[in-house]
Amino acid sequence: MSAVLPFLVLLLVVAVAAYHRWSLAVFTAVAGAGLVLVGLTGVAPVATIVAGSLLAVVALPLLITPIRQNLITAPLLKFYTKILPPLSETEKTALEAGTVGFEGELFSGAPKWADLLAQPKPTLTAEEQAFLDGPVEEVCKMTNDWETTHVHADLEPQVWDYLKKNKFFGMIIPKEYGGLGFSALAHHKVIQKLASISATLSSTVGVPNSLGPAELLLHYGTEDQKRHYLPRLADGREIPCFALTGPTAGSDATSLPDFGIVCEGDWNGAKVLGVKLTFDKRYITLAPVATVIGLAFRLYDPNKLLGDDADRGITLALIPRETPGLSVGRRHFPLNCTFMNGPLHGKEMFLPLSQLIGGEEYIGHGWRMLVECLSVGRAITLPSTSSGAAKLAAAATGAYSRIRKQFGLSIGRFEGVEEALARIAGNTYAAAALSQATAAAVDRGEKPAVPSAIAKYHATEMAREVGKDAMDVHGGKGVILGPSNYLGRGWQAAPISITVEGANIMTRSLMIFGQGAIRCHPWVLKEMQAATHPDPAVRLREFDTNLFGHIGFAISNAVRSLWMGMTFAAFGSAPGDDYTKRFYRRLNRYSANLALVADTSMLTLGGKLKFKEKLSGRLGDVLSQLYIASAMLKRYEDEGRPASEQPLLAWAFHDSVFKIENALSGALRNYPIRPVGWLLWLLVFPFGRRAQAPSDRLGRRAAALLMSPSDARDRLVSGVFLTPCENNPAGRVNAALAKVILAEPVERKFMKAVKGGEIAALDYAAQLAEAVQKGLITGEERAQLEELRRLTWDAISVDDFDHEDLVAASLYRGAKSGDTRRAA
């Protein structure tokens with residue numbers, strides 16, 4: 001046993017050094033000191049010498065830079081350059097676009113939680129809050145979604161006018177150009193509230209403030225373009241759209257068949273140099289009403305009028321609606337959601353070079369412009385729409401579950417409904433935290449490429465899950481469309497958010513991990529850049545630094561994964577209070593797991609990894625859930641660690657870590673190289689999977705929060721339109737909750753008397769009168785029960801129609817006039 005001691009000491013120092021990420025020099029010094037101490041004891045001198053020799057043979061060549069670079073790094077660099085997967089210019093642009101925020105820490109294996117918690121709490125300015133309380137509240141009151149979707153197939157004219165007058169289309173435009181100059185957080189809050197009353201309304205406002213001419217002009221437009229267009233976009237004189245998607249290439253700008261040819265042409269009576277455009281676009285939101293169209297196309301210069309290159313690359317242009325040759329097609333009809341959407345076409349349509357966004361300077365830079373701006377828009381519009389829809393569903397479903405009774409019991413008390421309510425509460429909490437976190441990242445000056453993909457994918461998926469559960473709880477109330485239905489149109493529209501701005505299948509399987517593995521990794525992108533540096537000396541030096549940093553990083557994550565797996569992440573420093581410390585420790589473990597598996601995958605699979613979409617998707621799920629859990633913990637801290645919120649945080653957190661372990665398990669059980677998968681399993685799950693889905697007890701507590709007024713419930717559903725007015729049935733149901741709860745004791749007393757035979761009348765009004773007459777209830781209690789009856793009826797009522805009301809107007813007019821062909 002004594003002969004093994006020096007090697008055990010050496011192994012222990014390796015493990016401690018790797019866990020704490022000591023430098024090689026510190027490790028060598030500590031290991032050497034440990035072996036010296038063992039040697040001084042006189043125990044196993046031969047073994048101590050052997051262990052010391054082993055340490056010297058390994059450590060000394062690595063510590064002496066010239067030896068390390070010439071004997072180790074140079075051959076590895078040569079091998080690395082051979083296996084490095086080739087990256088196209090478009091892939092390079094996508095990787096280099098945007099910035100890395102806290103998601104990079106989640107990929108590090110040892111997140112610096114202090115950096116997350118040091119971020120300022122997102123807050124609105126007084127002006128932004130006044131806008132939410134004033135114009136946003138007012139336009140919600142003006143909007144009748146049933147009239148919008150079923151009657152007018154558009155927002156009513158007065159709503160359009162109000163949006164323009166109050167500069168809803170200019171939220172992101174600075175005040176110097178006539179806009180509101182709002183923060184990303186305010187943008188998020190506005191879209192969230194609008195989405196809670198009408199998807200058509202939120203889409204109409206969201207698109208001009210997302211990817212479109214205004215965003216592109218702000219970043220890349222010439223000063224003349226900014227001065228001309230931005231004030232007109234801000235006050236609604238110009239309505240913008242952006243045309244990217246086409247029938248054959250989808251939204252893949254790198255494969256655009258749409259093209260422009262550099263040539264001379266006539267513009268406003270003068271002969272100028274410009275572009276002759278031919279394009280075919282579809283699914284373009286606001287196209288039917290747009291007055292200025294942003295266009296992505298590939299520019300060619302066959303006559304070399306601009307330079308030596310015939311293919312000038314992807315370029316962006318602004319097209320006035322009145323431009324000859326522009327054809328605005330008829331409207332699309334996306335799943336009964338009537339926001340303006342339609343195709344655009346152009347055939348040899350001439351534009352001057354002055355209409356190219358950014359002018360000649362930005363010719364060929366369209367892909368980079370799109371990638372950089374798309375991450376900002378994707379980070380706000382769709383996540384905010386999703387959180388607004390989820391919050392509205394949570395508020396209304398929780399109230400409805402308390403008001404609606406079956407067998408004399410609120411349906412929310414049945415365990416099947418309780419399960420659905422718990423999912424609604426937890427998913428809403430997660431979606432709200434996620435959408436706010438990405439907006440806050442934009443306000444910090446980030447261009448969150450990876451978080452925006454995470455937010456777009458998961459917020460829209462969680463909103464769909466919330467919508468499904470809400471529809472199940474409401475039953476027929478959710479199915480029957482009409483003015484009383486506050487769920488049906490949102491349920492119909494849910495797949496739209498999932499499909500647009502990069503379909504969710506593609507976002508999950510290609511974008512989140514595909515970008516994250518390289519962008520967020522602390523060493524991979526640096527290694528790739530170092531390996532392609534043109535100066536050989538710099539190339540070797542930088543590759544050497546990054547290579548051995550990466551090796552130490554990989555060893556550290558293997559040790560950290562094994563140790564935290566064996567101890568169930570019960571130890572280690574962590575922020576938070578007594579309630580949340582364990583949550584941070586578990587995320588530390590999964591961060592190390594992700595870094596280890598990602599590193600191993602990139603090493604063993606190389607360029608083939610980007611074709612392993614199932615593996616990429618599962619690792620993307622791990623990164624996503626780490627980010628979502630971090631956003632929830634940050635929200636909890638920002639709110640002052642409210643104890644009343646703990647059931648929501650706990651449910652959502654346990655759901656996230658259950659998904660993390662499920663994704664890691666799926667990745668390792670299906671790992672393409674089986675022996676590698678087995679080894680990783682031992683390091684990641686030394687005692688098997690342990691995470692469990694949220695318990696029934698926890699679900700009961702989360703569900704209960706939705707069915708009773710409280711500060712936690714108010715925070716959960718804050719920021720959506722819940723004013724109980726005629727056009728907002730969800731707001732009326734939510735407002736009824738408190739009164740219904742106050743009336744429940746009286747209702748129980750009254751129903752006990754009815755069932756006990758103390759009241760003989762059969763009609764409800766007569767029963768109440770008899771109860772008062774017999775002194776079973778007071779006059780005030782009778783009024784309370786009458787109000788309860790009215791509130792309950794308003795909550796559970798559904799609409800019905802005459803047949804003619806449901807027949808398409810054009811068909812009905814044709815039938816009335818004897819046009820049998822149209823009527824048939």
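The model is a predicted one, and every value given below is computed from it. Strand E7 covers residues 341-352 and is mostly covered, with nine of its 12 residues buried. The structure holds one cavity of 30 Å³ or more, and the second largest pocket contains about 780 Å³ of space.

**Strand E7 and its partners**

- Strand E7, running over residues 341-352, has nine buried residues out of 12, and it is paired with strand E3 (residues 270-285) in the antiparallel sense over nine bridges.
- Within the pairing of E3 and E7, Asp-280 is the residue that stands opposite His-345 of E7.
- Strand E6, which spans residues 326-328, also pairs with E7 in the antiparallel sense, in this case over three bridges, and Leu-326 stands opposite Gly-346 in E7.

- The pairing of E1 with strand E4 (residues 292-300) is parallel and extends over four bridges, and Phe-242 has Gly-294 as its bridge partner in E4.

**The loop between E6 and E7**

- Arg-330 is placed in the loop between E6 and E7, and it counts as exposed because its relative accessible area is 76%, which is over the 50% cut-off.
- Although Arg-330 and Gly-342 are 12 residues apart in sequence, their C-alpha atoms are 6.1 Å apart in space.
- When residues up to four places away in sequence are not counted, Arg-330 touches Gly-342 and Pro-343.
- Asn-336 belongs to the loop between E6 and E7 as well, and with a relative accessible area of 27% it is partly exposed.
- The phi angle of Asn-336 is near 65°, a positive value in a residue that is not glycine.

- Most residues other than glycine have a negative phi.
- Ala-569, which is not a glycine, has a positive phi of about 50°, and its place is in the loop between H22 and helix H23 (581-605).
- Ala-569 is buried because its relative accessible area is 5%, a value under the 20% cut-off.

**Ser-509 in helix H20**

- Ser-509 sits in helix H20, which covers residues 504-519, and its relative accessibility of 9% means that it counts as buried.
- A polar atom of the Ser-509 side chain lies 2.7 Å from the backbone oxygen of Ile-505.
- Apart from its neighbours within four places in sequence, Ser-509 is in contact with Glu-613, Ser-616 and Gly-617.

**The second largest pocket**

- The second largest pocket holds about 780 Å³ of space, and among the 26 residues that line it, those closest to its centre are Trp-22, Leu-24, Phe-27, Gly-552 and Ile-555.
- Four helices each supply at least two residues to this lining, namely H1 (5-20), H2 (24-40), H3 (45-63) and H22 (536-566), and H22 gives the most, with nine residues.
- By class, the residues lining the second largest pocket comprise 18 nonpolar, five polar and three charged ones.

**The largest cavity**

- Rolling a probe the size of a water molecule over the atoms shows where empty space is left.
- The largest cavity has a volume of about 40 Å³, and it is lined by Asn-427, Ala-430, Met-462, Gln-625, Ile-628, Ala-652, Asp-655, Ser-656 and Lys-659.
- Helix H16 (415-443), helix H24 (613-638) and helix H25 (646-669) are the elements that give two or more residues to the lining of the largest cavity, and H25 gives the most, with four residues.
- The lining of the largest cavity is made up of four nonpolar, three polar and two charged residues.

Notes
Residues numbered from 1 in each chain as written. Predicted model: local features only at pLDDT ≥ 70, side-chain atom pairs only at ≥ 80, totals over all residues. Heavy atoms only, no water. Buried < 20%, exposed > 50% of the residue type's maximum accessible area, 1.4 Å probe, protein only. Polar contact = N/O pair within 3.5 Å; in protein donor to acceptor, adjacent residues only side chain to side chain. Contact = heavy atoms within 4.5 Å. 1 Å grid on protein atoms, 1.4 Å probe; cavity = no way out; pocket = protein on both sides within 12 Å on 5 of 7 lines; lining within 4 Å. Points joined across faces, edges and corners; volume = space filled by probe spheres on them. Nonpolar A, V, L, I, M, F, W, Y, C, P; charged D, E, K, R; others polar. Pairing = 2+ DSSP bridges.
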